[in-house]
Amino acid sequence: MASEFGGRCFLRFDDTNPATESPEYVEAIVDDVRWLGFEPDEIRFASDYFDQLYAWAEHLIERGLAYVDDQDADAISAGRGGFGQPGVESPCRDRASEENLRLFREMAAGQHPEGSRVLRARIDMQHENMQMRDPVMYRIRHKHHYRSGDRWCIYPTYDWAHGQSDAIEGVTHSLCTLEFRDNRTLYDWYLEHLPLAELGHAGDRPHQTEFARLELTHTVTSKRVLRRLVEDSHVDGWDDPRLPTLRALRRRGYPPSAIRDFCGFIGVARTNSRHAPELLESFVRTELNAAAPRRMAVLRPLKLVITNWPTDDDGEPLVEYREAVNNPEDPSAGTRQVPFSGTLWIEQDDFRLEAPPKYFRLTPGREVRLRAGYFVRCTDAVTDADGNVTEVHCTYDPETSGGQAPDGRKVKATIHWVSADHAVPIEAALYERLFHTELPGERTGDPLDDLHPNSRELCAGVAEPAIGDITPGHVVQFERLGYFCADSAVASSADSGSSEAPLFHRTVGLRDEWANIQKRQRHSGGSVRPGDQGGSR
RNA sequence: UCGGGGAUCGUUCAAUUGGUAGGACAUCGGGUUUUGGUCCCGGCAAUGGAGGUUCGAGUCCUCCUCCCCGAACCA
């Protein structure tokens, strides 16, 4: 927004609570923001302003607008009243300002125990907005702060720090999420009662604007719940590709530009809404379709033998190098050589002993095209004792080397493959939504009750040799399977068993028409709706 | 219970001062295609409800309904 209007953008950490701040979080957030593509003009901390905040607190005390309250947290809470019930004033509320000043200085000097007193703004205990019922400005915390060290033992609350920090920085537009709407009244009250002119900033004081947070279905964004997922090992860490955190999306291969496009497209609104992840995924696909190099990989291998494949003088099957385009969307990406021979791995999904309706792939008697290879016709299949297909036999047509038949006959499917003798083992992680419901926790109150039991499936697969070109952190399209990101973690946190195979995270699948057809076939599944038959109305 | 926000296709974001409700995702149909991908064409589909003002209301007024936030020494 700052760049759109030629302004400057500050990234500020409101580190007002020494108990919940740590440098690790700061570094992680700054790192995530940079990766997303934003360079803050300045990084600031509310703790930079503790001195000014303290001086302003005395300013309010001197004017009878703040007082030290000796009540404990429970008493203050009880005195605040409730929705529709007015609060009651604290017995300390009319203390003389000299005494308030003395007490406040003693608090700052460490002469009072933690929790014994607070400084409150003196506003209105009858106010219909709870934020205005004498909010707490300072609390005593005898704790070390990761930035201000042991200099302070009283710490400002968020409300007392936020607007003032904005004012000190000369911020004009202070953006925050919807739940702070009620706090805005207090934000304005503080700023109106402080000598901001002394700051020397030109123009108006800061103003707060609220907008709806970005929510997605089938996941959680609550820090509390995310932490539970991580700490209770439901996921592998903050960068587990199933999480919606920026570092997770990064590890999964989401291009930052796709995330930015998505955010720009949905815009900024005040409506509480929850976007379907499909929309984000469509931006990811658009980006990756243009940029990702193509390779062939087989995730659930099934052996295919070409029975009429020629052998060389030693009786060994011939090896042929086929030229394959690296990206049909980008001719400049060039081509590569892919080894082809008489024994190949194909996808189990690409063969059926008995083909269901609309199934275009391999089945006995049918001819399909091997991508960048030849037409092959299935002659028969070998099954084991349980009836599982273990091997598929085909014959190839040497005339179809160009991918077309000279006699003009067509095939309805093109399938991918990997030469068995040249296959390099890989491991692929396929992800489902982390939660199987749109709004996790809606039924039981606990989001974890809606965890998808199999949100990750690991496949031991094979890929063509040129997979070696794909370095960690980069995304490749496995043809017909989706986009996959080479894992960038030093040691894979996924339990990959004994395999040393490189790990690929499926960023997102390709649009899958066949999956839709199957879904429809399942839903119609022989049952006919009553109205469809009778023709009566 | 009181205060504050909000409500438009299945989902989501639009719609000058009141003037034909539009796009994207999803979905369905068709075309192209050596990825059932991409691309192209087309279809379906909405103003929460009831009144009122007006030639004309998603936009203005009244009442109602539903959803979200708010009673931390959290942010």
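## Ground rules

The model is a predicted one, in which local features need pLDDT of at least 70 and side-chain atom pairs count only at pLDDT 80 or more, while totals for chains, interfaces and linings use all residues. Residues are numbered from 1 along each chain as its sequence is written, chains are lettered from A and ligands numbered from 1 in the order in which they are written, and side-chain values use heavy atoms, with hydrogens and water left out.

## Helices H2 and H4

Let's start with H2 (residues 50-62) and H4 (residues 97-108), whose axes are 9 Å apart and which pack at an angle of about 160°. That angle makes H2 roughly antiparallel to H4. Helices here are DSSP runs of H or I with at least four residues, strands are runs of E with at least two, and both are numbered from the N terminus. Axes are lines fitted to C-alpha atoms, for helices over the stretch in contact, and angles run from 0 to 180 degrees between N-to-C directions. Under 35 degrees counts as roughly parallel, over 145 as roughly antiparallel, 65 to 115 as roughly perpendicular, and the rest as oblique.

Which residues do the meeting? On the H2 side they are Tyr 54, Ala 57, Glu 58, Ile 61 and Glu 62, and on the H4 side Ser 97, Asn 100, Leu 101, Phe 104, Arg 105 and Ala 108. Contact here means heavy atoms within 4.5 Å. Sorted by class, the contact of H2 with H4 has six nonpolar, two polar and three charged residues. Ala, Val, Leu, Ile, Met, Phe, Trp, Tyr, Cys and Pro count as nonpolar, Asp, Glu, Lys and Arg as charged, and the others, Gly among them, as polar.

## Helices H5 and H6

Next come H5 (residues 158-169) and H6 (residues 183-192), with axes that come within 9 Å and cross at roughly 60°. H5 and H6 are therefore oblique to each other. H5 brings residues including Trp 160 and His 162 to this meeting, and H6 brings residues including Asn 183 and Tyr 187. The contact of H5 with H6 has seven nonpolar, four polar and two charged residues.

## Helices H9 and H10

H9 (residues 256-266) and H10 (residues 277-291) pack at about 135°, their axes 9 Å apart. So H9 and H10 are oblique to each other. Among the residues making the contact are Phe 262 and Phe 265 of H9, along with Leu 280 and Phe 283 of H10. By class, nine residues in the contact of H9 with H10 are nonpolar, one is polar and two are charged.

## Around the RNA

How many residues surround RNA strand B? There are 66, and the closest are Thr 16, Arg 294, Arg 361, Gly 402 and Gln 477. A residue is near the strand if one of its heavy atoms lies within 4 Å of it. By class, this surface has 18 nonpolar, 24 polar and 24 charged residues. H9 and H10 turn up again here, as each supplies at least two residues of the surface near RNA strand B. H11 gives the most, with five residues.

A polar side-chain atom of Arg 80 lies 2.8 Å from a phosphate oxygen of RNA strand B. For Arg 139, a side-chain N or O atom is 2.7 Å from a phosphate oxygen of RNA strand B. Asn 183 has a side-chain N or O atom 3.5 Å from a base nitrogen of RNA strand B.

Note on methods:
A polar contact is a pair of N or O atoms within 3.5 Å; within protein, one must be able to donate a hydrogen and the other to accept it, and residues adjacent in sequence count only if both atoms are side-chain atoms.
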